[in-house]
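Q: Please take a close look at a single part of this structure and describe how it is arranged and what lies against it. A connected account, with the criteria behind each term, would be appreciated.

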Amino acid sequence: MAEFAEMIGTEQSTISRYEAGQIVPSKTVLILLLLLATDSEKKPILEALGIGDEQQIEAQFRSAEEVLKKVSELRRRRGRDPTLVQFAEEATKIVSAGAPVEKALVQILKLWRLHRDNKELLQSLEQMLPYFRFVAVQGVKPRVE
């Protein structure tokens, strides 16, 4: 059991607590278990993740994997840009969770990506920041993860 615990990056006592039903594995642990599972072991793990089949989870995480690869490449080329890394981490969490994303936000990001040298566009986006801050303060309480 110690070797298995090491494979998924946890303690042997934690594995024992999972087995005893004292704690529920996180989604990250469930995904690691899914990667290590044999065919007959996969179904209960997929059910615990709330996923119908393995292709669904692969599709969700393929996008996140690509984002992480691109960020890794950017870090090597440009040095460490903490804002870019934070953006990638948050984008990865959103993609991984399958959370809905407002279409307007996608459009703003697309405009910024395609025209980030356009000073008028950047000024317009900067003018939107107070609105975003207001909405964030009024409607969304920060979560500590």
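A: On the face of helix α3 that is turned away from its buried side, the exposed residues are T28 and L35. The model is a predicted one, in which local features require pLDDT of at least 70 and side-chain atom pairs count only at pLDDT 80 or more, while totals for chains, interfaces and linings use all residues. Residues are numbered from 1 along each chain as its sequence is written, and side-chain values rest on heavy atoms, with hydrogens and water left out.

Two terms are required at once. Buried denotes under 20% relative accessible area and exposed over 50%, with partly exposed in between (1.4 Å probe, protein chains only). Helices (H or I, at least four residues) and strands (E, at least two) are DSSP runs, numbered from the N terminus.

Helix α3 covers residues 27-36. Its buried residues are V29, L30, L33 and L34. Viewed down the axis of α3, they fall within an arc of 145 degrees and so line one face of the helix; the arc is that of the directions from the helix axis to the C-beta atoms.

Among these buried residues, V29 has a relative accessibility of 11%, which is why V29 counts as buried. Leaving aside residues up to four places away in sequence, V29 touches I8 and Y18, where contact means heavy atoms within 4.5 Å. The C-alpha atoms of V29 and I8 are 7.0 Å apart, although the two residues are 21 apart in sequence.

Just after α4, G50 adopts a positive phi of about 75 degrees.

The packing of the pair can now be described. Two packed helices are characterised by the angle between their axes and the distance between the axes. For α3 and α4 the angle is about 155 degrees, and the axes are 10 Å apart. Here the axes are lines fitted to C-alpha atoms, for helices over the stretch in contact, and angles run from 0 to 180 degrees between N-to-C directions. The two helices are therefore roughly antiparallel to each other; angles under 35 degrees count as roughly parallel, over 145 as roughly antiparallel, 65 to 115 as roughly perpendicular and the rest as oblique.

The crossing of α3 past α4 is left-handed. A crossing has this hand if the near helix is turned anticlockwise from the far one by less than a right angle, and is right-handed if clockwise. On the α3 side, the contact is made by K27, L30, I31, L33 and L34, and on the α4 side by K42, I45, L46, A48 and L49. By class, the contact of α3 with α4 comprises 8 nonpolar and 2 charged residues, with no polar ones. In this scheme Ala, Val, Leu, Ile, Met, Phe, Trp, Tyr, Cys and Pro are nonpolar, Asp, Glu, Lys and Arg are charged, and the others, Gly among them, are polar.

Of its 145 residues, 18% are buried. Among contacts between residues at least 6 apart in sequence, 29% join residues at least 24 apart.
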